[in-house]
Amino acid sequence: MKNLELAKIFNEIADILEIQDIQWKPQAYRKAASSIASLSIDIEKIYKKSGLKGLDSIPGVGKHLALKIEEYLKTGKIKAYKQLKKKVPIDLAELTHIEFLGPKKAKRLYKELKIKNIKDLEKAAKAGKIAKLSGFGEKSQQDILEGLGMYKLGKKRALLNIALPIAKEIIQSLNKLKEVKSAEYVGSLRRMKETVRDIDILVISNKPKKVIQTFTSLDNVKKVLAKGPTKASVVLKNNMHSDLRVLKPEEKGAGLLYFIGSKEHNIALRKIAIEKGYKLSEYGLFSRNTGKRIPGTSEKDIYKALSLKYIPPELRENQGEIEAAKKGKIPTLISIKDIKGDFHVHSKWSDGSDSIKDLATTAKKLGYQYLCISDHSKSEKIANGLSESNLLKQIKLIKKLNKNFRGFKLLAGSEVDILADGSLDYPEKILKQLDIVIGSIHSRFKSSKQEMTKRICTALENKHLNILGHPTGRLINQRKPYNLDLDQVFKVALENKKHLELNAFPNRLDLSDTNLKEAIELGLKISIGTDAHSKDQMNYMKFGVATARRGWCQKNHILNTFTLKQLPKYFKKL
DNA sequence: GCCGTTTTCGGCCCGACTGTTTTCAGTCG
């Protein structure tokens, strides 16, 4: 996938053009970069299939940029970019990662101090050279030094299971104030993006001063970055940033829209507003002529005034949801209430920490009808994988426990290793005694694309396998997906009537949102498994559901929404 | 450089906060 490489280059071109005070072009490059970065398919595929015309059909990509993309795909470089870099030999992509340092300041630093990269920047800042520049001063230098520290610390974005509890705690503290009418987390966290950079909060109140004061003096606040009458920005103790905005009650709907984002979604909405003679900002929807507020203060009201169906936050990425809303075709997304079971949990028989009985109790408390115990298979020595005899014992125990349940059933499963040759880690006589077999890759991650694809497809052709576990093997912030022809895997899964897992563990979320969208469009069914290694982790289901929502999944796409009675249609051995 | 039921020119989302200013540019979201 060269999508992200291209997006990065276009963004850097935008920076360089901006430095040269060139108007509008930077915006065009940025827009193209953002739409390329959010493509769900490989840009190379688009080009191979439909050539320049295909590239031209990407929003924000016209004739000229299409040619540049073609050049990059063919030669691996873009001449115009090289020339620009020669002219402005600064590592802008790196430098502008520093908070409060944008292209304009970077240019001045280069002109006056020959600063080209982070290293030069650190040296100059430490030597006190930056403070002496006109227009910079002590504070700017301090900001840069701190930004450098943050850059080193916080290159990685936070996982949802880290960010969400912090956000909820902040919300709770703010909601305690009588001045607060409502406090909600917004931004990418509200859209449940797989990782978030900061925690954005929107408070509705007529007394913003008090709210800002409380927010900036919360226990969890390490440093206050900015503090104005309606807006504040802080660094939390874990080095994440949190931004607060306070709006008035009548501004709530527009405020939520604006702060939930995404930016791309908002830009698209504002353009529709303009077409209709309105102006949309975080304060509301207004008539361009009279400046008067258009009645209605909820998000729904605003969508309605723009002739759009309500769009749930998880879909607001400008990836087709606006077009769908225009046609009134926003799907009814799956919700956590639809979930009737979990297909992937580990007990202390392998590397989990709780007993099967405790896991079952938790499942029943969650209102589930079934829970599939899926411990590791014998090759997974490091995770205490079950020997054949132990697995048989476990199956017996599950059958015994089931006798005591009403309206609830434990399913005897296993997360069976897919071995190097694509075979499964237990012999047929064992596999056929299991209710559900999840096949997963846990070794030889660095195989070639061809090998890995063949290995997984062989497993998918095995009649005992039901679900392909964490299909791409990525670990967010840690490990890239395996080299894999995912289209081929989807195709073979479909042909063999196999299901794909959406592993809900927060550092996996595998399949990803865009993968899921592709999979369900093909007609594949998805099984959400928490991969819980303790009963508490069974709550990770919410991250799975959120990711499914981001992948446009409806109830009927997700196996976990089916009742115990309906399951045999999808799992023959039940 | 892109885009188009005001389409081949002339627009391009909108506003808050900060630092270094003496009216605003730069950055962020």
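Of the 48 residues around DNA strand B, those that come nearest are Phe-136, Lys-227, Tyr-258, Arg-270 and Arg-288, a residue being near a strand if one of its heavy atoms lies within 4 Å of it. The model is predicted, so local features need pLDDT of at least 70 and side-chain atom pairs pLDDT 80 or more, whereas totals for chains, interfaces and linings use all residues. Residues are numbered from 1 along each chain as its sequence is written, chains are lettered from A and ligands numbered from 1 in the order in which they are written, and side-chain values use heavy atoms, without hydrogens and water.

**Surface near DNA strand B**

- The residues of this surface divide into 17 nonpolar, 11 polar and 20 charged; Ala, Val, Leu, Ile, Met, Phe, Trp, Tyr, Cys and Pro count as nonpolar, Asp, Glu, Lys and Arg as charged, and the others, Gly among them, as polar.
- Elements that each supply at least two residues include the helices α2 (25-37), α4 (63-75) and α9 (137-153) and the strands β5 (221-227) and β7 (241-247); helices (H or I, at least four residues) and strands (E, at least two) are DSSP runs numbered from the N terminus.
- Sugar or phosphate accounts for 78% of the atoms of DNA strand B within 4 Å of the protein, and bases account for the rest.
- A polar backbone atom of Gly-62 is 2.7 Å from a phosphate oxygen of DNA strand B.
- Ser-140 places a side-chain N or O atom 3.2 Å from a phosphate oxygen of DNA strand B.

- Glu-415 is found in strand β12 (residues 409-417).
- Glu-415 counts as buried because its relative accessibility is 1%, where buried means under 20% relative accessible area, exposed over 50% and partly exposed in between (1.4 Å probe, protein chains only).
- Its side chain forms polar contacts of 3.1 Å with that of His-344 and of 2.8 Å with that of Ser-440; a polar contact is a pair of N or O atoms within 3.5 Å, and within protein one must be able to donate a hydrogen and the other to accept it, while residues adjacent in sequence count only if both atoms are side-chain atoms.
- Glu-415 and Gly-469 are 54 residues apart in sequence, with their C-alpha atoms 7.6 Å apart.

**Helices α21 and α22**

- Leu-486, Asp-487, Phe-490 and Leu-494 in α21 meet Asn-515, Glu-518, Ala-519 and Leu-522 in α22, contact meaning heavy atoms within 4.5 Å.
- By class, this contact has five nonpolar, one polar and two charged residues.
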